[in-house]
Amino acid sequence: MSESLALPARGRVGVMLPRDLPVGDVLPFARRAEELGFDQVWVVEDLGWRGGVAQAATVLATTTNLTVGIGIMPAGARNVGFAAMELATLAQLHPGRLIAGVGHGMPGWMRQAGSWPASPLTLIKEYARALRLLIAGEPGPANGRYVRCEGVVLTEIPDTVPPVVLGVRGPKSQEAAGEVADGLLLAEPAAPAYITASLRNLGASANPREIVVYDAAAVDDDEEAALARVRAGLESVGEPEWAAHIAPLPFAEELRAHRAASPDAGHFARTMPAAWARELSIAGTPAQVRAAIDARHAAGATSVVLAPAGPDPLAALDSLARALPDRHATRRPEAQENRPS
């Protein structure tokens, strides 16, 4: 049985690997993120795009010190025993550099793939509990309603067990994260008030080791230019699925009314007040972005993950690095002529 657990990544800053990044830019993006001093790269697994485990394995293999997060693996998409094998193997090969995110998956996608359960909450509780036991070398738990791996034991297990965090929004699912997971992953937008509300949902007895938050991000010497770049990433926040993100904010009712009055999501995002866009993203001058990152850490985030906004992800990555605290920066983004190709 593995006994060592990966330490929590307190006060870290990561970057999201865009799901639509051209394949030829994936490895240069990851290497550049490490060179610039980011602590983490997070890969996404959205139906029809690239697989999360394959991306994580490749990024881990092409970098040296980055922690790589998978955000998220839908619980209904993989048998838990085989998912545990994949994650344990990655953690064996790259000790202390993996965080595994698990979630429900978007209902529409999961129904389309025939993998949406009658009780998503039951599934994710059973799945996370079994996954953590298996990766740590423990026998699989008693069979449940959905997860059946009783007595399964992995032979190849990592010395450093990667944390398993739940990427979930609803209060009941977040409460489950406090019971069966090592922490929580909050999708964008993750304003400080939403982080605070989500931590309350975890429950007083929870001891989360990781609180990872995503946000659309842009850095520019002109704050308005930065806000303009992130607005496209805010088009979805007026939709019902994002209600939990908005409810803790002081302008929640106004935002809902604005969305109802807007002909489409694009108009909604383009015409929302700058103050809302500022609260719902991490955007502005380098000093403003550093302050926004600090505010999320102060609210309880252990890792703040920036989703680069703009037409050129590699250029956006360089811009975001201007806001990294000095302790992160190994090279400054002005040295663009040395960018990997």
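What we have here is a predicted model, where local features need pLDDT of at least 70 and side-chain atom pairs count only at pLDDT 80 or more, while totals for chains, interfaces and linings use all residues. Residues are numbered from 1 along each chain as its sequence is written, and side-chain values use heavy atoms, with hydrogens and water left out.

Helices first, then. Helix 5 (residues 120-135) and helix 6 (residues 171-180) pack at about 20°, their axes 10 Å apart. Helices here are DSSP runs of H or I with at least four residues, strands are runs of E with at least two, and both are numbered from the N terminus. Axes are lines fitted to C-alpha atoms, for helices over the stretch in contact, and angles run from 0 to 180 degrees between N-to-C directions. Helix 5 and helix 6 are therefore roughly parallel to each other. Who touches whom? On helix 5 we have L121, K125, A128, R129 and R132, and on helix 6 K172, S173, A176, E179 and V180; contact means heavy atoms within 4.5 Å. By class, that is 4 nonpolar, 1 polar and 5 charged residues. In this scheme Ala, Val, Leu, Ile, Met, Phe, Trp, Tyr, Cys and Pro are nonpolar, Asp, Glu, Lys and Arg are charged, and the others, Gly among them, are polar.

Now the other pair. The axes of helix 1 (residues 23-36) and helix 2 (residues 52-62) come within 9 Å and cross at roughly 50°, which makes helix 1 oblique to helix 2. L27, A30 and R31 of helix 1 meet T58, V59 and T62 of helix 2. That contact has 3 nonpolar, 2 polar and 1 charged residues.

On to the backbone. Most peptide bonds are trans. Where are the cis ones I'd like you to look at? One runs from G71 to I72, with omega near 5°, and I72 sits in strand 4 (residues 67-74). Another joins E188 and P189, with omega about 0°; P189 lies in the loop between strand 8 (183-186) and helix 7 (192-202).

A cavity is a set of points on a 1 Å grid over the protein atoms alone where a 1.4 Å probe fits but cannot get out, and lining residues have an atom within 4 Å of a point. The count is 1 cavity of 30 Å³ or more. The lining of the largest cavity includes H104, W116 and P117, and by class it has 6 nonpolar, 4 polar and no charged residues.

Methods: On a 1 Å grid over the protein atoms alone, a cavity is a set of points where a 1.4 Å probe fits but cannot get out, and a pocket is an open set with protein on both sides within 12 Å along at least five of seven lines; lining residues have an atom within 4 Å of a point. Grid points are joined across faces, edges and corners, and a volume is the space filled by probe spheres set on the points. Angles under 35 degrees count as roughly parallel, over 145 as roughly antiparallel, 65 to 115 as roughly perpendicular and the rest as oblique.
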